[in-house]
Amino acid sequence: MKIRRTAPAALLAATAASALLLSGCAGTDDAKADTGAGAKLRVIAAFYPMKFIAQQVGGPHVKVTNLTKAGAEPHDLELTPRQVGAVSQADLVVYLKGLQPAVDKAISQNRPKHTVEAGKFAPLEEHGTEVHGAEEDGHEGHDHADAEHGDPHVWLDPTRLAAIAGGVGESLAAADPVNAADYRARAADLTARLNTLDGEFTAGLTTCARRDFVTAHAAFGYLAERYHLNQISVNGVNPESEPSPARRADIQKLARERGVTTIFFETLAEPKTARTLAQDLNVQTAVLDPLEGIKDEAENDYFSVMRANLDALRKGLGCS
Ligand SMILES: [Zn+2]
């Protein structure tokens, strides 16, 4: 564990400058880590948004490994024996109970030193859908974990992700007390940026021609709740499940009634059903990214994807 503190005054600097300063610190710290074993805390994140907040809050003091490959879909992830070994060795694991049963099992069996279970800081809720038959579809697939624990997609509400980031800050402070003040300052900085994003969504989605949006998989329940929108999903909570013909007909009817002009699909899952629906309704398609994984992490992060989502929603819903 590292003893020297890394420029805490600089880390507390204004939000606007922090991204630059933080990346600078990370660079110098990489060099230091090479000279001594165990210099950084070993943090394991179960999937992208958990990785993002662990990196942002941990900064130069942590090395974060994502169990879900970049660009892969996290639902029902399977772990290699090596990954299970890494979980048992980790200083901290950040995960969300119910999303990935293999991760839940690895944690309960291997008991890493510290864990952040995201649902403890952002309790999961059930999100119903207006179109019935969703539950039947869900039970055919691998939705059992989701059905037991509630809708897992809490990270799509920035204020809930901020609550999880606060939990990560406290756990890192407990795991590495020498740097505790730094973790708390970073968590506060991230929370401020997430609150700014939340304000942009609230303002951007206040005055819209429509409030119903059709998505491929039901990932946007928390986002819809936060910004007073109504999600109509083609598939269930699990992106792999296929809608029944009856459900498809119900969605078509509802989309016509509500004057839907755009069918949203995501980047990681197969958009065939959403495309077919858009063709049948003669409306356009657009991407709404559930942020379950990012293919080009050098180019994009949670904030840039969320802002692209906001733009897509504003266009699709006719917001002024
Ligand atoms: Zn999902």
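Student: Which loop is His228 found in?
Tutor: His228 sits in the loop between α11 (221-226) and β6 (230-233). Helices (H or I, at least four residues) and strands (E, at least two) are DSSP runs, numbered from the N terminus.

Student: What am I looking at, and how are residues numbered?
Tutor: This is a predicted model: local features need pLDDT of at least 70, side-chain atom pairs count only at pLDDT 80 or more, and totals for chains, interfaces and linings use all residues. Residues are numbered from 1 along each chain as its sequence is written, and side-chain values use heavy atoms, with hydrogens and water left out.

Student: Back to His228. What is its phi?
Tutor: His228 has a positive phi of about 60°, although it is not a glycine. Most residues other than glycine have a negative phi.

Student: Is His228 buried or exposed?
Tutor: His228 counts as exposed, at 61% relative accessibility. Buried means under 20% relative accessible area, exposed over 50%, partly exposed in between (1.4 Å probe, protein chains only).

Student: And Leu291, buried or exposed?
Tutor: Leu291 counts as buried, at 0%. Its phi is near 60°, a positive value. Leu291 lies in the loop between β8 (284-287) and α14 (302-317).

Student: New topic. How many helices and strands are there?
Tutor: The protein chain has 14 helices and 8 strands.

Student: How much of the chain is buried?
Tutor: Of its 320 residues, 53% count as buried.

Student: Which residues make the contact between α4 and α5?
Tutor: Val84, Val87 and Ser88 of α4 meet Ala106, Ile107 and Asn110 of α5. Contact means heavy atoms within 4.5 Å.
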